[in-house]
Amino acid sequence: MVGPWSPIHLLSIFTLRLLPLAVWKAHTHQVAGSPALMIYLFSGALVVAGLFTLVPGRIMHAVLFGG
């Protein structure tokens with residue numbers, strides 16, 4: 001953590017920056033870039049964020065692995 005900021009905040013900025021770009025590419029039929037951006041969004045927003053919830057000291061870590 002750096003002050004009130006944690007790595008999950010960087011992930012949020014990444015997602016908010018990438019989503020409009022991916023939607024714009026899909027809207028303008030730029031097929032080459034849109035699927036890759038959506039995969040990055042999926043992996044970042046769901047998989048990485050899901051892994052952040054399992055960090056020791058978080059509630060989900062205690063639920064899954066015991067307190």
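Val47 lies in helix H2, which spans residues 34-52; helices here are DSSP runs of H or I with at least four residues, strands are runs of E with at least two, and both are numbered from the N terminus. The model is a predicted one, in which local features need pLDDT of at least 70 and side-chain atom pairs count only at pLDDT 80 or more, while totals for chains, interfaces and linings use all residues. Residues are numbered from 1 along each chain as its sequence is written, and side-chain values use heavy atoms, with hydrogens and water left out.

Val47 has a relative accessible area of 42% and is therefore classed as partly exposed, a class that lies between buried (under 20%) and exposed (over 50%), computed with a 1.4 Å probe and protein chains only. Together with Phe42, Leu46, Val48 and Leu51, Val47 forms a nonpolar surface patch with about 470 Å² of accessible area. Such areas come from the Shrake-Rupley method with a 1.4 Å probe, and for residues only the protein chains shown count as cover. Patch members have over 30% relative accessible area and no salt bridge; nonpolar side chains (Val, Leu, Ile, Met, Phe, Trp, Tyr) are joined within 5 Å, and like charges within 9 Å. A salt bridge is a side-chain nitrogen of Lys or Arg within 4 Å of a carboxyl oxygen of Asp or Glu.

Helix H2 also has buried residues, namely Ser34, Leu37, Leu41, Gly44 and Ala49. Helix H1 (7-27) is included in what covers them. With 19 residues, H2 reaches 26 Å from its first C-alpha to its last, close to the expected 27 Å, a span given by 1.5 Å times one less than the number of residues.

Beyond H2, Thr53 is placed in the loop between H2 and helix H3 (59-65). Thr53 counts as partly exposed because its relative accessibility is 30%. Apart from neighbours within four places in sequence, Thr53 is in contact with Arg58, Met60 and His61, contact being defined as heavy atoms within 4.5 Å. The C-alpha atoms of Thr53 and Ile8 are separated by 9.7 Å, although these residues stand 45 residues apart along the chain.

Overall, the protein chain contains three helices and zero strands. Its radius of gyration, taken over C-alpha atoms, is 15 Å, whereas a compact globule of 67 residues would have a value near 11 Å, by the rule of 2.2 Å times the number of residues to the power 0.38. Buried residues account for 15% of the 67 residues.
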